[in-house]
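Please read them with the structure open.

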Amino acid sequence: MSETRGFCPNCGDPVSADPDDRDLGGRRERSLCDACYFDRFDLVDAPERVEVRVCGVCGAVHRGNRWVDVGARDYTDVAIDAVTEALGVHVGAEDVRWEVEPEQVDQTTIRMHAHFSGVVRDTHLSESVTVPVKISTETCSRCGRIAGDYYASTIQVRALDRTPTDEETQRAREIAEDVVSEMEATGDRNAFVTEVTERPEGLDLKVSTNKIGKNVANKLVEEFGGTVSDSETLVTEDEDGNGVYRVTFAVRLPPYRPGTVIDPEDGDGPVLVRSAQGNLKGVRLTTGDPYEAAFEDGAAPDARRLGTREDAAETTLVAVEDDHAVQVLDPETYEAKTVPRPSYLDVDRDAVPVLRSRAGLHVLPDD
């Protein structure tokens, strides 16, 4: 069988015509001889220069039309990534290998010396290119908003008939930071806490989006109980004429937090509050029976506050009188007093925690 041959259109030398040899455009690669083909061939397509926009505050890099947190250790890593994206290797090359050697010219310029090798038409080729990378430092949109004290939502943490405790306000801070961290982990760069203000009546949290405000408010109510309401304030209009609103989420924590001792004044004795989520729940200090406020009373039934678990003192269990009463030592007068015997009381103990209030002495359960 005779070999099918053609001629190079550039120099006229004979070349083999293989119908399987084609480039991306559908033209036969073998239409040119190897010498002419390699004379016009570029293994690497490299730009004359690459510019990288970096936020000088957080280190984010501008790519396309948005800022991206890349987690780079320094600008050299950023420059390598940018050059990698900008370089192109010929589609006809196989077994391509490359390495890059950065050269720091000054604080804003890095020369990237890239060395490539590959196989084309069964021929090993190598090529080196140098691409200068210009680092342009500016401020990203997120850091600009933070610097400008931008916020879209406020969470007001208050409590009914009392001031929120240090534990509650600290937890509110933690929840806000947790919500922001969760949103940042999903790629949301617009999530941040703008300002935290402690006031005599509670805590104010300013956050960057209404979604954060809503999530923080709902998580506070889930954890501590209470209610949340919201109100909108028109602040401006966007370029399409749509209203832009700031939303205030008013969180009202319950008047009785877990560990508070109250007297519902229903004749069955004081109650140690266990939970204020939904309707208030607790345990009777006279009997040890569970207590749950009526649905319509919610987390704030009419009751008299007697004290808290922190007000309790350890005292001596003197004697067991019967199934319903024991004697304990009054921690103030050191007199033996007869008090109700709740079901949770371990009568084999030598000492028990008691709360002294105007309602008398009551034995508290363990933590």
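1. Arg145 is a residue of helix α3, which spans 141-147; helices here are DSSP runs of H or I with at least four residues, strands are E runs of at least two, and both are numbered from the N terminus. The model is predicted, so local features need pLDDT of at least 70 and side-chain atom pairs count only at pLDDT 80 or more, while totals for chains, interfaces and linings use all residues. Residues are numbered from 1 along each chain as its sequence is written, and side-chain values use heavy atoms, with hydrogens and water left out.

2. How exposed is Arg145? Its relative accessible area is 34%, so Arg145 counts as partly exposed (buried is under 20%, exposed over 50%, partly exposed in between, with a 1.4 Å probe and protein chains only). Beyond its neighbours within four places in sequence, Arg145 has contacts with Tyr150, Asn190 and Phe192, contact being heavy atoms within 4.5 Å.

3. Helices α4 (166-185) and α5 (210-224) pack with axes 9 Å apart and an angle of about 135°. That makes α4 oblique to α5 (under 35 degrees is roughly parallel, over 145 roughly antiparallel, 65 to 115 roughly perpendicular, the rest oblique). Axes are lines fitted to C-alpha atoms, for helices over the stretch in contact, and angles run from 0 to 180 degrees between N-to-C directions.

4. Residues of α4 in this contact include Ile175, Val179 and Met183; those of α5 include Ile212, Val216 and Leu220. The contact of α4 with α5 comprises ten nonpolar, one polar and five charged residues (nonpolar: Ala, Val, Leu, Ile, Met, Phe, Trp, Tyr, Cys and Pro; charged: Asp, Glu, Lys and Arg; polar: the others, Gly among them).

5. Two bridges link β16 (260-263) with β17 (271-275), and Ile262 has Val271 as its bridge partner in β17.

6. Another open sheet of five strands runs β23-β22-β21-β24-β25, also with antiparallel pairing. Because β23 (336-340) and β25 (360-363) each have a single partner strand, one side of each lacks a neighbour in the sheet. The twist averages 45° from one strand to the next. Strand β24 (351-357) is joined to β25 by four bridges, and Val354 has Val363 of β25 as its bridge partner.

Notes:
Two strands pair if DSSP finds at least two bridges between them.
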